[in-house]
Amino acid sequence: MSTDTPGAPAAQDEPLIRVDALRKVFKGRHGRPDVTAVDGVAFTVGRGESLAVVGESGSGKTTVARMITGLEQPTSGTIEVAGRVRSPGRAGAAERRRRARETQIVFQDPYGSLDPRQRVRDALGEILALHFDLSRAARTDRVEELLGQVGLDARVADALPRAMSGGQRQRVAIAKALATRPSVLVLDEAVAALDVSIQAQVLNLLADIRAASGISFLFISHDLAVVRQVTDRAVVMRNGVIVEENTTADLLDHPSHPYTRLLRASVPGPGWTPRRRSAEAASG
Amino acid sequence: MTLLRIDHLAVSLRLRAGDRAILRDVTFDIGPGEAVGLVGESGSGKSMTARAIAGLLPSGARLTGDIVFDGASVPGMSRAELRAYRARDIAMIHQDPSAHINPVRTVGDFLTEALRTNSGWSKAKAAARATDLLGEVGLSEPAHRLRQYPHELSGGMLQRVMIAAALAAEPRLLLADEPTTALDVTTQAEIMAILGELRRDRGLAVLFITHDLELAAATCDRTAVMYAGEVVEDQPSTGLHAHPRHPYTIALLHSRPTIESTADRLPAPPGTPLPAYEAPEGCAFTARCPYAVDQCATDHPVLEPLAAGPGRVACLRAAEIADSPEVAQ
């Protein structure tokens, strides 16, 4: 597969994504107070690196993902992708297409990003037509390449989303995300809803894609075992701030922040004894 | 001694296109105070098994085999018997508590309704009992919670309310259908701790339905594994985890990544889980099984006791696999 990297040229040792002092405040509606979802987050993602953002609901991890992919505007702070700082405010059509060739996102529920009346082949062709000036034959070849990359056969390529299994739909969502040849794939709980055997297939697939293309992953997840399998480095978020950052192996083998330790101790396994916290802590 | 016995249960739904099998052969039992995990992927029939136990199958469902609770056949119960069984003997909690609570009634109304209707208690007595129950499931300020509405509570708090409601009638069997799947991991640990305590304190039997084999193995006495509408293996949880006997159980355990290490490659079985109505004549796992031989496609395996130790497995090659698990093909 091709390894060309889109976007502005950047030095190889420069991080691909640099996020600094990132903050997002959601205005309270109906007289409710404002909510600070992300509060001064900073991290980098290197070229070809896989970074995990770990956290529970309300940690702000999804808001970070949405800001990096341009689905949400930061309240303040900077996001730099491939050496270019994203300008604040709404982006125009050309800028949005450019960003779409830098970052792509895959969600937990692929249904939301699939048109129920569009066949997979047509959905992929449409993205290619929007982003690249390809001949019809070249476009057909590229569609086949994408289908092969995510392990879908021709039968699925001609099917509608409702005729597919959950695993197949998630493969389609990944193929759509890869179509623009992004340098970063943001995966927001992308394997969380899959059955165990299908989840393993998709995790293997993601490893293959990264090895073959040198793409970077920003892997948003609450699942520490999955994070161990597919990421090099991890940040742990709680209440909008990063509480710990380390290589994934060290973070999980030697968690130092109390919250990371609590997360680690909450993973069931042989000999696991779940413990009650105090009633006060439990009410939170 | 057995509290619940499920004996070759099969359920099919009558659809316009014909009968569609949902459960094909479910056999396991639960002793008083015992926790049994029922594990499987989507479409394996775990939830339908729970519905059959609760006598809540969709209308037009055809059932063969038997479900026996404390000596009484559930499919054979009259309407009145079924009502009493559901009100007193069993209780159920679900994955999404907000779908099972009236959003415009208070937590207190929800908790006291059954006590007042089924037990004929006064409002004050029921409220006092509800307050105690909320305390037991670890909610702070229980008296205040009674006046709150469901939307004012987090998912973990609401699941505690559901557990409190399930316990109100002091049932002997709790059917817990993925009760922690939608919760954060730290909240899951908390809920499992509470369920474990209640079970020990009250001698409550639990059927714990989950897709998470690790969670079932860590919290249940025994674990039964379902595939395509059938129980294919049933072992004490420690044994199942250390020495899985059915190729599907082996595949489930191995394909799940672990928090301790990174695998070069996850040994994922090929293909997708099969719904019961698509199951072939022989073993439903044949097409995905690394141990499969020709005979597997035609001969339907039945649950047989393990050669060594307690437990049962439905696999033609179980003995060979037990002797040397690495023998594939």
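**Reading a sheet, a helix pair and a chain contact**

Q: How many bridges join strand β4 of chain A to β5(A)?

A: The model is a predicted one, and in it two bridges join β4 (residues 76–81) of chain A to β5(A), the two strands running antiparallel. In β5(A), R84(A) is the bridge partner of V81(A).

Q: In what order do the strands of the open sheet in chain A stand, and which of them are at the edges?

A: The sheet has four strands in the order β2-β1-β4-β5 (chain A), with antiparallel pairing. At the edges stand β2 (35–45) and β5 (84–85) of chain A, each of which has a single partner strand, so one side of each is left without a neighbour in the sheet. Across β1 (17–26), β2 and β4 of chain A lies helix α1 (residues 61–68) of chain A, which runs at about 115 degrees to β1(A).

Q: How are two packed helices described?

A: The description uses the angle between their axes and the distance between the axes. For α3 (residues 107–119) and α4 (residues 123–136) of chain B, the axes come within 9 Å and cross at roughly 120 degrees; α3(B) and α4(B) are therefore oblique to each other, and their crossing is right-handed. Among the residues that meet are L111(B) and L115(B) in α3(B), and A126(B) and L133(B) in α4(B).

Q: How many residues does each chain give to the contact between chains A and B?

A: Chain B gives 38 residues and chain A gives 35 residues. On the side of chain B that touches chain A, the largest share, nine residues, comes from α7(B), and by class that side has 19 nonpolar, 13 polar and six charged residues.

Definitions and conventions. Residues numbered from 1 in each chain as written. Chains lettered and ligands numbered in written order. Predicted model: local features only at pLDDT ≥ 70, side-chain atom pairs only at ≥ 80, totals over all residues. Pairing = 2+ DSSP bridges. Contact = placed C-beta atoms within 7 Å. Axes fitted to C-alpha atoms, helices over the stretch in contact; angles between N-to-C directions. Nonpolar A, V, L, I, M, F, W, Y, C, P; charged D, E, K, R; others polar. Parallel < 35°, antiparallel > 145°, perpendicular 65-115°, else oblique. Left-handed = near helix turned anticlockwise from the far one by under 90°.
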